[in-house]
Amino acid sequence: SCGQSIEFNGYDYATVQLGNDCWFAENLRTTSYSNADPIDGVESFGSGSVGYSVVYGECGQCYEVVPNANACDSEYALQSFGRLYNYAAVVDERSVCPTGWQVSSHDDWIQVSALADSLFGGYPGLKSTVYWYNNGNGTNASGLGLTPGGEGYNCNGGFQYAGSEGVYWAPDANYNSVYARD
């Protein structure tokens with residue numbers, strides 16, 4: 001039931017009830033789809049057509065502004081922010097989520113934003129109490145704990161915005177639709 005952790009591919013994820021929906025209260029860390037097929041890693045990083053997953057700072061140039069930490073340390077980034085997935089991975093029919101779960105839609109993000117405005121003091125109520133640059137930490141009143149895990153482009157272009165931006169896919173909108181917050 002929502003509020004209890006759920007195990008998926010070797011990791012226990014906290015969950016939180018927001019309105020009528022149950023959300024993971026942390027980012028995914030899985031390296032395989034729900035059917036156990038592996039998700040490509042750094043060798044496909046930057047590909048638009050192949051689903052892949054990487055950890056912030058795993059290769060290439062890395063820039064970050066996380067207070068009192070080094071988000072370019074991939075072990076730290078994995079524990080703090082989870083993994084980064086490209087669009088092809090999040091829309092793959094094998095699903096990056098456990099059976100019965102889905103990547104949050106555009107409407108899901110609109111609804112949770114409205115809940116934040118009415119119940120949790122706005123966007124700071126959705127944000128984690130740590131990791132945000134320039135005194136930007138939230139209150140996490142919702143329990144969702146959004147983190148500023150940044151973005152990754154490819155091993156040549158590298159990683160940026162950890163500490164200042166969280167980017168979340170809304171795959172039902174279109175290829176270029178993400179829910180980015182800072």
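Leaving aside neighbours within four places in sequence, which residues is L146 in contact with? In this predicted model, the contacts of L146 are W109, Y123, L126, K127, S128, W132 and Y168.

L146 also belongs to the largest nonpolar core, which holds 16 residues. L18, W23, W109, V112, L126, L144 and L146 touch the most other members of that core. Both β3 (15–18) and α3 supply at least two residues each. The most comes from α3, which gives 4 residues. A second core is separate and has 13 residues. Among them are F45, V54, F81 and F159. In soluble globular proteins, nonpolar side chains tend to be buried together.

K127 lies over the face of the W132 ring, at 4.2 Å from the ring centre.

The structure holds 12 aromatic pairs. One of these pairs joins Y76 and Y131 in an edge-to-face arrangement. Their centres are 6.4 Å apart, with 80 degrees between the planes. This pair links distant parts of the chain, 55 residues apart. Y76 sits in helix α1 (residues 74–81). Y131 sits in the loop between α3 (106–119) and β8 (151–152). Y76 is partly exposed, with a relative accessible area of 27%. Y131 is likewise partly exposed, at 22% relative accessibility. Elsewhere, Y11, Y13, F24 and W101 form one aromatic cluster.

Note on methods
Residues are numbered from 1 along each chain as its sequence is written. This is a predicted model: local features need pLDDT of at least 70, side-chain atom pairs count only at pLDDT 80 or more; totals for chains, interfaces and linings use all residues. Side-chain values use heavy atoms; hydrogens and water are left out. Rings of Phe, Tyr and Trp (its six-membered ring) pair if their centres lie within 6.5 Å; planes under 30 degrees apart count as stacked, over 60 as edge-to-face and the rest as tilted. Buried means under 20% relative accessible area, exposed over 50%, partly exposed in between (1.4 Å probe, protein chains only). A charge sits over a ring if NZ of Lys or CZ of Arg is within 6 Å of the ring centre and within 35 degrees of the ring normal. A nonpolar core is a set of buried Ala, Val, Leu, Ile, Met, Phe, Trp, Tyr and Cys residues joined through side-chain atoms within 4.5 Å. Contact means heavy atoms within 4.5 Å.
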